[in-house]
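Look at the model first, then read on.

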Amino acid sequence: MENFSNSTLEKILKLQTELTAAKPDVPYLLDLITLRAKEITNSDGAVFELVEGDELVYRAASGMGEKQIGLRIPVKGSFSGLSLQSKETLYCSDSEMDDRVNREACRRVGLRSMIVLPLYFDSEVLGVLKVHSAIVDYYSANETYVLNMLSGTMAAILHNAYRWAEREKSLQSMAYLASHDALTGVYNRSAFYDYLRRGLHRIQEDPSCLTVALFDLDGLKIVNDTHGHAAGDFYISKFASRFSHLLQHQDVFARLGGDEFGLILIHHESKESTLGLLGNLTKMVEGEIQFDTTKLEIKTSMGLSFSPEDGTEPETLMAIADSRMYEHKRSKKNK
């Protein structure tokens with residue numbers, strides 16, 4: 001085995017310490033693992049794929065793979081599926097020449113070489129960690145060795161976080177934990193993109209419309225700065241619970257990160273009536289809440305995009321809704 005540089009060994013030890021000290025929150029740990037795996041191997045991207053039935057779902061991603069969060073690929077016929085089956089770390093030096101890979105998925109991500117590492121605890125499958133590069137034959141034996149060294153720690157930490165949640169919150173599955181936000185209990189970013197992809201596919205076959213609504217909480221920074229983060233967490237949770245109680249069961253509502261939330265509606269109503277509905281929902285959610293002895297005011301900015309009118313790709317719809325949300329925020333400040 002080639003000699004490691006001290007900096008690589010330091011990174012390995014640092015990551016093991018960081019993982020051991022981290023809170024037992026599955027989505028947070030998955031994000032941390034993909035981010036650090038990308039850094040430690042100098043990759044263009046890293047992805048954590050969770051097994052759900054006969055599919056693998058991109059539940060966390062950093063770098064080049066970030067756009068593909070929520071993507072689903074069949075276990076059968078994929079490189080990750082092969083590594084799970086054989087319980088071995090696999091290396092693909094060129095995805096265009098390797099018949100073991102799902103070439104279409106590789107092209108979508110933009111990768112050419114990758115290392116795939118199955119994570120097991122005892123005999124229980126947790127998922128697959130994949131680091132990848134846009135360069136052919138990018139990796140040496142060193143990177144594989146580093147990831148294998150870390151695999152036991154990563155699997156144990158994830159397993160413990162899952163068991164902790166099962167005990168504390170009586171939750172059923174790793175898939176549930178990886179797709180829900182720990183603070184609010186609503187869906188998280190990866191689930192949102194998963195449902196958005198599936199929704200866009202569905203409306204191609206059934207002539208209906210899909211609306212993406214993005215919400216940003218206007219007063220969160222002031223709440224955090226004035227009353228502390230416990231008040232900020234309460235503010236975020238209250239908004240989420242008020243909003244989710246007003247929705248139909250088929251609507252998908254998610255916390256996308258920080259104080260940003262997203263909603264997916266699939267409907268036959270006109271654009272105008274959807275705008276009216278969401279305007280009314282927002283009015284019902286906004287208003288005063290009580291935190292200890294303090295009165296707080298929920299205020300939110302909203303931006304919408306419509307498919308097929310504004311586009312049929314998740315990134316396009318999100319970018320349009322996002323820019324409209326910031327327009328709404330600016331217009332309120334200028335009043």
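Four strands make up an open antiparallel sheet, in the order 8-9-7-12. Strand 8 (252-257) and strand 12 are its edges. Each has a single partner strand, so one side of each lacks a neighbour in the sheet. Neighbouring strands here are turned by 20° against each other on average, direction ignored. The model is a predicted one.

Strand 7 (residues 209-217) and strand 12 run antiparallel and are joined by eight bridges. Within this pairing, phenylalanine 215 stands opposite methionine 302 of strand 12.

The other sheet to consider is also open and antiparallel, with six strands in the order 3-2-1-6-5-4. Its edges are strand 3 (72-74) and strand 4 (90-92). Each of these has a single partner strand, so one side of each is left without a neighbour in the sheet.

Strand 4 pairs with strand 5 (residues 113-121) in the antiparallel sense, over three bridges. Cysteine 92 has methionine 114, in strand 5, as its bridge partner. Helix 3 (residues 79-86) packs on this sheet. Helix 3 touches strand 1 (45-52), strand 2 (55-63), strand 4, strand 5 and strand 6 (124-133). The direction of helix 3 makes about 40° with that of strand 5.

## Arginine 197

Which helix holds arginine 197? It is helix 7. Arginine 197 is buried yet has no salt bridge. The nearest side chain of opposite charge belongs to glutamate 315, 4.1 Å away. The arginine 197 side chain does reach the backbone oxygen of isoleucine 69, at 2.6 Å. Leaving aside neighbours within four places in sequence, arginine 197 is in contact with Lys67, Gln68, Ile69, Gly70, Leu71, Pro314 and Glu315.

Threonine 312 sits in the loop between strand 12 (300-307) and helix 11 (314-333). Not counting residues up to four places away in sequence, threonine 312 touches Leu200 and Ser307. Threonine 312 lies 237 residues from valine 75 in sequence, and the two are 26 Å apart in space, C-alpha to C-alpha.

Proline 308 is in the loop between strand 12 and helix 11 as well. The peptide bond from serine 307 to proline 308 is cis, with omega near 10°. Most peptide bonds are trans.

## Positive phi and loop exposure

Most residues other than glycine have a negative phi. Asparagine 42 is not a glycine, yet its phi is positive, about 50°. Asparagine 42 is in the loop between helix 2 (26-40) and strand 1. Aspartate 137 also has a positive phi, near 50°. The place of aspartate 137 is the loop between strand 6 and helix 5 (141-169).

| Residue | Relative accessible area | Class |
|---|---|---|
| Asparagine 42 | 52% | exposed |
| Aspartate 137 | 47% | partly exposed |
| Threonine 312 | 45% | partly exposed |

Exposed means over 50%, so asparagine 42 qualifies at 52%.

Notes:
Residues are numbered from 1 along each chain as its sequence is written. This is a predicted model: local features need pLDDT of at least 70, side-chain atom pairs count only at pLDDT 80 or more; totals for chains, interfaces and linings use all residues. Side-chain values use heavy atoms; hydrogens and water are left out. Two strands pair if DSSP finds at least two bridges between them. Helices (H or I, at least four residues) and strands (E, at least two) are DSSP runs, numbered from the N terminus. Contact means heavy atoms within 4.5 Å. Axes are lines fitted to C-alpha atoms, for helices over the stretch in contact, and angles run from 0 to 180 degrees between N-to-C directions. Buried means under 20% relative accessible area, exposed over 50%, partly exposed in between (1.4 Å probe, protein chains only). Lys and Arg count as positive and Asp and Glu as negative; His and the chain ends are not counted. A salt bridge is a side-chain nitrogen of Lys or Arg within 4 Å of a carboxyl oxygen of Asp or Glu. A polar contact is a pair of N or O atoms within 3.5 Å; within protein, one must be able to donate a hydrogen and the other to accept it, and residues adjacent in sequence count only if both atoms are side-chain atoms.
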